[in-house]
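These are my notes from one sitting with the model.

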Amino acid sequence: MSFRIPTARLPRLPGRARLALPIAVALLVLVVAAILYVRIYTDYLWFSSLGYTSVFSRRLITKVVLFFLFGGVMAAVVGANIVIAHRLRPPFRPNSPEQQQLEMLSQALHPRRRWLFAAAIVLVGAIEGAAAAGRWRTWLLWRNGQHFGIKDPQFHKDVSYFAFTYPFQRWVLGVLFAIVVVSLIAVLLTSYLYGGLRPQTPGAKVTPAARAHISVLLGVFVLLKAVAYWLDRYGVNYSRRGFVDTGASYTDVHAVLPAKTILVFVAVICAGIFFANVRIRNWRLPAIAFGLMVGSAIVIGGIFPLLVQQFSVRPSEADKESPYIARNIAETRLAYGLLPQRQVQTSDYAGEVTGDAGTLRADSNTLPNTRLLDPTVLPDTYRQLQGFKSFYSFPDSLDVDRYQVNGKEQEELVAARELDISGLQTGQKSWINDHLVYTHGYGFVAAPSNTVKPDDGTPQFDESDIPPHGDLASTFEPRIYFGEQSPNYSVVGAPAGATPRELDFPNNSGTGQQNTTYAGKGGVPVGSTWRQLLYALKFKDKNLLFSGGVNADSRLLYVRNPRDRVAKVAPFLTLDSDPYPAIVGNRVEWIVDGYTTTDGFPYAARTSLTAATEDTLTQHRASSRKPSGQVNYIRNSVKATVDAYDGTVTLYRWGPEDPVLSAWEHAFPGIIKPETSIPPDLRAHLRYPEDLFKVQRTLLTRYHISDPHAFYGGTDYWKVPDDPTHSGTPQPPYYLTMALPSQTSPSFQLTTPLLQNNNRNLAAFVSVDSDPASSTYGSMRVLHLPTSSLIPGPGQVHNDFRTFPAASTQIALLDQRGSHVDEGNLLTLPLGGSFVYIEPIYVRSTAATSFPTLKRVLVSWNGKIAYEPTLGQALDVAFGTATTKPPPTAQQPGPPSTGGVSAEVAKLVAQLKHAQSDADAALRAGDLTAYAAAEKRVSAIIDRLAAATG
């Protein structure tokens, strides 16, 4: 028995209540539209100020097209299925309580069904459209992909298919699956609501029309599964089933690939059965098809490969996997730029001292170029000696660069003196000061990395002070409006003739400061009330609209961090975590290394950028600056610069032809300049990037092995040493000016030692030529030690330093009595068949205003340790070429006994405390002359203390 009950209607709302909903919806739409307009238009203004509107428009248009294309397809298909399910509803319902309730509900919703229908399809379309817009990179790479000219070893397809096309195909397939699944859910709900699906009603549970509709959707789903199985075949190139972590293994090639091919045909047959059910209209055949699909997937796709792995591969895994390990080794080296002979030159290194001490000491004449100033220790020294005011600051890790000083290339420790408004005193904080007065840093500071002042151990600056002076540049623009610590935004600029408002730098005038007005082209003009309103909304700051300090000639500076600016202009690049400043011509430029990456290179090992680049240096950087993601191909294809005064961003192509960069250049034409456009002044400051080298050294710990069986055995694996001064953290690579045993003159290199995997002995020393002026720039040299070598690694040497009596006694004393010892970077340098180790020792007082100064140098050579005031003296002692010192006498006391400290030492410690107290008091009073005199006393007392303790 069937029925049709009278139409039920929802109660009508009062007139005002009926208007409330449309008004609320309209207001919501207006608010969302306003937010989008502010975000998009201010973004356009920012890109326009830099001349990169093509990046803005291409990305925006791509995202809009993807939103409406994929969102529209989702909405159209789901909507069409809902309409079809509604039209296929039965004219009468069976008589049952379930159907009576559903009839009442459907009739109640009937007057608003179109609105509900529209809302549903708009919602699912918007969700899919937003997800598709986020995949703009995948779309552009597919549209603009270039050939690599390299074929994968399994399918012999160009790598561009796996890097650009395959990810797009998987994405589109996923979207189609989502459309079918959402459509199926919508059809089931619609059929249930209108009686086509009635699980609790006696009799037939599904009408023939609903059964046919559902069968078609299930058939399409299974057909898509056949396509997925076909694409899964190519996915074995990223399999992690075998011994190596990426690439098809023996089981993948001999079991998974045939299984996937069989499953393709099984899925096509099952899809045909579902389509046939449109006419047959019973669930027996679909049930058989579903069982066949599941059973085949389990048996053919799961159990069969498992049996092959367990009973064929596992008993002789090394032999079975050998060809596929060889593929992984070859492709990983290719993807990371580690090809033997072409990019990596490996030579055996004896690990034993060759030659007599005198000859080797003469050969060590290049070691005085060795960096003694640690970039992670010296920032406090720079702040105290060159900060001048609390609102000026230097980074927590200084940068290493090269400059021509007196006609010779000199390695320098450099930093820009940046503005840090968190250093403003409480009385100085206001909206005017934060955004209109304190707008920029001032100056550039550099000191030779290998020398200090002999009287106090402080850096011997080549560029310093305010106003700046030094040997690096005769004149340059010292104002730092764009830097790593710049404020979130500043308002600069004023009409001609207006009184300057911005603090330029402090001086000894009556006002105590020199003011200026920004005259650069950087920033977005915000002279109009409309733009002031837009940015007031963007930054949620009403003062931008109402403050009289914002005038007709004002410009708004924001997105000021150099790395952030490059990331916004070139969103397709992975950026190095360490931008560094350089004086280029007459400007300060920030240099940022850009990488092109992909995770789609067949057979190449995947690497976590975060894990590979983590070390002592990255602990001093914000987490947002650290590279992230998994990659298995990387190239340093772009060198970018950001002008510290006007924020101009310039991108230069760098290095050999890179298909990934070529794809992005086709997507964003004209934004990257050719390498030939790099000015010589800029090229002189380029260097091999740290993060790339960290990734490569991580891969080298395993992929220096060429023989697949040796790779499988793992006995010759290496490891990155821990930083001995920061336990548990990998030691960073170091930029050093040095000469390898095969080189006749020093050159600028990035270096790292590597350890044997099962102990703390040295296994290899790796360096890469980091000077672009060299014909071998980017060439990596590996000094490979014999596996039987017992050359100690940095950790063992550091332990030896700490237990060396002359050093340990003084260090323990200074660490306990009003001062603190900072251990500098422990450098490992090849020399005479073995290695020399150098570690600077810094001392600072425990006062809040103290800073580290270089006081001693530890050197280890061939088991002998020296602890002396200078590197030259330490080398003489370590090599046994120093003049013999007389034994301690009453006038020259030896080290204190373990029973206590001598009266002379106690007296010197008391004098040290008093001198440091005088220095702190002078600094607080702003008396720099008295402060300098007190610091000299501190240094002299420490030297006397060192002599008194031996």
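How many residues lie between E28 and E29 in their hairpin? I counted five residues between the two strands.

**Ground rules.** I am working on a predicted model, where local features need pLDDT of at least 70, side-chain atom pairs count only at pLDDT 80 or more, and totals for chains, interfaces and linings use all residues. Residues are numbered from 1 along each chain as its sequence is written, and side-chain values use heavy atoms, with hydrogens and water left out.

**Strands around E29.** I took helices (H or I, at least four residues) and strands (E, at least two) as DSSP runs, numbered from the N terminus. Two strands pair if DSSP finds at least two bridges between them. E28 covers residues 747–756 and pairs with E29 in the antiparallel sense over seven bridges. Within that pairing, Thr-751 has Ser-767 of E29 as its bridge partner. I then looked at the strand E30 (residues 780–784), which is antiparallel to E29 and joined to it by five bridges. Ala-764 has His-784 in E30 as its bridge partner.

I followed E30 to another neighbour. Strand E3 (residues 344–348) pairs with E30 in the parallel sense, over five bridges. There, Asp-348 has His-784 as its bridge partner.

Next came burial: buried means under 20% relative accessible area, exposed over 50%, partly exposed in between (1.4 Å probe, protein chains only). E29 spans residues 762–769, and eight of its eight residues are buried. In E30, five of five are buried. In a regular strand the side chains alternate between the two faces of the sheet. Met-780, Val-782 and His-784 point one way from E30, while Arg-781 and Leu-783 point the other way.

**An open sheet.** I also checked a sheet of three strands, ordered E13-E17-E16 with antiparallel pairing. E13 (489–492) and E16 (524–525) stand at the edges with a single partner strand each, so one side of each has no neighbour in the sheet. Four bridges join E13 to E17 (residues 555–558). Val-491 stands opposite Leu-556 in E17.

**Salt bridges.** I used this cut-off: a side-chain nitrogen of Lys or Arg within 4 Å of a carboxyl oxygen of Asp or Glu. The structure holds 25 of them.

Asp-396 pairs with Arg-383, with the closest N and O atoms 2.7 Å apart. This pair links distant parts of the chain, 13 residues apart: Asp-396 is in the loop between E4 (392–393) and E5 (399–405), and Arg-383 is in helix H12 (residues 379–386). Asp-396 is partly exposed at 41% relative accessibility. Arg-383 is also partly exposed, at 24%.

Glu-665 meets Arg-653 at 2.2 Å, N to O. Again the pair links distant parts of the chain, with Glu-665 in helix H18 (residues 659–667) and Arg-653 in strand E24 (residues 649–653), 12 residues apart. Glu-665 is partly exposed at 22%, whereas Arg-653 counts as buried at 12%.

Asp-691 and Lys-694 meet at 3.7 Å, N to O. Both lie in helix H20 (residues 690–703), three residues apart, about one turn of the helix. Asp-691 is buried at 2% relative accessibility, and Lys-694 is buried at 0%. I then traced a network in which salt bridges that share partners join Asp-380, Arg-383, Asp-396, Asp-822 and Arg-844.

**Helix H6.** Does the span agree with, or depart from, 1.5 Å a residue? I took the expected span as 1.5 Å times one less than the number of residues. H6 (residues 159–193) has 35 residues and should span 51 Å; its end C-alpha atoms are 51 Å apart, which agrees. I noted a kink of about 40 degrees at Thr-165, shortly before Pro-167. The bend is the angle between axes fitted to the seven residues ending at a residue and the seven starting there.

**Cavities.** On a 1 Å grid over the protein atoms alone, a cavity is a set of points where a 1.4 Å probe fits but cannot get out; lining residues have an atom within 4 Å of a point. Grid points are joined across faces, edges and corners, and a volume is the space filled by probe spheres set on the points. My search of the whole structure gave four cavities of 30 Å³ or more.

Definitions and conventions. On a 1 Å grid over the protein atoms alone, a cavity is a set of points where a 1.4 Å probe fits but cannot get out, and a pocket is an open set with protein on both sides within 12 Å along at least five of seven lines; lining residues have an atom within 4 Å of a point.
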